[in-house]
Amino acid sequence: MIISLLILFPILTMQSLAEERRSKTDQLLFSLPMSMKKIVLAKYLAMLTVFLIPTALLALYPLILTCFGAISLGTAYSTLAGFFLMGAVMIAIGLFMSSLTESQIIAAVLSFGALLLIYLMSSLATLVPATAFSSLLALAVLAILVGFLVYYMTRSSTAAFITSAVLL
């Protein structure tokens, strides 16, 4: 189910803000008498509602299954709540990635990459060395890579240096 959600949510969120930028309708949104927070929150809640409808239908399944045997409703509904919260986080990440670019395809690929990285994070954690010196060295390399990323995004060597220094 997680793998299908890793594919579904980037497709659901790729058009949310990227298409607004590409077609220049974001200028219309900027001219509305609403703050940008409210506009983004409205888009987020709309996508969350699209995800809530099938999740609400899934909430009927434990009730139906109680007719055929004993089911722990607390476990079933807490799992469903966790599923919904995980989807809410995935939608938020997809919406953020969509706000970074004008292209829907790039937004979908970035969202999929970020969600896949988060999904594989526990497996990737085993690759980090266990000794203190090796962990410090790996963290230093990561801080320098983040500094290069900040430089690539901002073209400011000062911001890149400060970011790396703070992370170190």
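Helices are DSSP runs of H or I with at least four residues, numbered from the N terminus, and their axes are lines fitted to C-alpha atoms over the stretch in contact, with angles running from 0 to 180 degrees between N-to-C directions. What you have open is a predicted model, in which local features need pLDDT of at least 70 and side-chain atom pairs count only at pLDDT 80 or more, while totals for chains, interfaces and linings use all residues. Residues are numbered from 1 along each chain as its sequence is written, and side-chain values use heavy atoms, leaving out hydrogens and water.

Colour by confidence to begin. The protein chain has an average pLDDT (the predictor's confidence in each residue, from 0 to 100) of 87, and 100% of the residues score at least 70. Confidence is lowest in helix α3, residues 26-30, with a mean of 76, and highest in helix α6, residues 73-99, at 92.

Next, select residues 2-13, helix α1, together with residues 104-119, helix α7: they pack at an angle of about 150 degrees with their axes 8 Å apart. The two helices are therefore roughly antiparallel, a term for angles over 145 degrees. Show the side chains where they are in contact (heavy atoms within 4.5 Å): α1 contributes Ile2, Ile3, Leu6, Ile7, Phe9, Pro10 and Thr13, and α7 contributes Ala108, Ser111, Phe112, Leu115, Leu116 and Tyr119.

Finally, select Ser164, in helix α10, residues 157-167. Ser164 is buried, with a relative accessible area of 12%, where buried means under 20% (1.4 Å probe, protein chains only). Leaving aside neighbours within four places in sequence, Ser164 is in contact with Ala143, Ile144 and Gly147.

Methods
Parallel < 35°, antiparallel > 145°, perpendicular 65-115°, else oblique. Buried < 20%, exposed > 50% of the residue type's maximum accessible area, 1.4 Å probe, protein only.
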